[in-house]
Amino acid sequence: MMVRSRFNLGRVVDSDRIKEVGPDRACAEWLMKNGAFVKWENESDFLKNYDCLPPEDDRRHIVEVDATEASITHIGFAHFSKC
């Protein structure tokens, strides 16, 4: 018997979310949910608080990621596609 979870748990790229908010925002959400920090283009500091992500219609580009203490693995690297 195969059991499926109704939760994505960040393992599968959500193409609907990418269409809705753009690839960089969707990637930033995944990274930050897993403990990483992101630096946006034209920003000098890393964004460290998920609740401080810019509005969904504010399309920004990730230029750097600090995943030193994050719990991400190669399985989720597909989130970086088109960033």
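Buried means under 20% relative accessible area, exposed over 50%, and partly exposed in between, with a 1.4 Å probe and protein chains only as cover. The legends below concern a predicted model, in which local features need pLDDT of at least 70, side-chain atom pairs count only at pLDDT 80 or more, and totals for chains, interfaces and linings use all residues. Residues are numbered from 1 along each chain as its sequence is written, and side-chain values use heavy atoms, with hydrogens and water left out.

View 1. Helices (H or I, at least four residues) and strands (E, at least two) are DSSP runs, numbered from the N terminus. Along the sequence, the pattern is α-α-β-β. Of the 83 residues, 29% count as buried. The chain exposes about 6,100 Å², and carbon and sulfur atoms supply 49% of that area, as computed by the Shrake-Rupley method with a 1.4 Å probe. A contact is a pair of heavy atoms within 4.5 Å. Among contacts with a separation of 6 or more, 55% join residues 24 or more positions apart.

View 2. Strand S1 (residues 37–40) has a mean of 98, and helix H1 (residues 15–21) a mean of 92. Over residues 1–8, pLDDT stays under 50, and the model has one contact beyond four places in sequence for this stretch. Where pLDDT is low, the predicted coordinates should not be read in detail.

**View 3. Helix H2 (residues 23–33), mostly covered**. Nine of the eleven residues of H2 are buried. They are Asp24, Arg25, Ala26, Cys27, Ala28, Glu29, Trp30, Leu31 and Met32. Their cover includes H1, S1 and S2. Just after H2, Gly35 takes a positive phi of about 95°.

**View 4. The largest nonpolar core, twelve residues in all**. Such a core is a set of buried Ala, Val, Leu, Ile, Met, Phe, Trp, Tyr and Cys residues joined through side-chain atoms within 4.5 Å. Its members are Cys27, Ala28, Trp30, Leu31, Met32, Ala36, Val38, Trp40, Leu47, Leu53, Ile62 and Ala70. H2 and S1 are the elements that give two or more residues to this core, and H2 gives the most, with five. In soluble globular proteins, nonpolar side chains tend to be buried together.

**View 5. Surroundings of Cys27**. Leaving aside neighbours within four places in sequence, Cys27 is in contact with Ile62, His79, Phe80 and Cys83. Cys27 is one of the buried residues of H2, and Ile62 belongs with Cys27 to the largest nonpolar core.

**View 6. Asn42 and Lys82, residues with positive phi**. Asn42 lies in the loop between S1 and strand S2 (62–66). Its phi is about 70°, although Asn42 is not a glycine. Asn42 is exposed, with a relative accessible area of 77%. Lys82 is in the segment after S2, and its phi, near 70°, is positive in a residue other than glycine. Lys82 is exposed, with a relative accessible area of 74%.

**View 7. Glu69 and Asn34, 35 residues apart in sequence**. The distance between the two in space is 9.2 Å, C-alpha to C-alpha. Glu69 is found in the segment after S2. Glu69 is exposed, with a relative accessible area of 71%.

Note on methods: pLDDT is the predictor's confidence in each residue, from 0 to 100.
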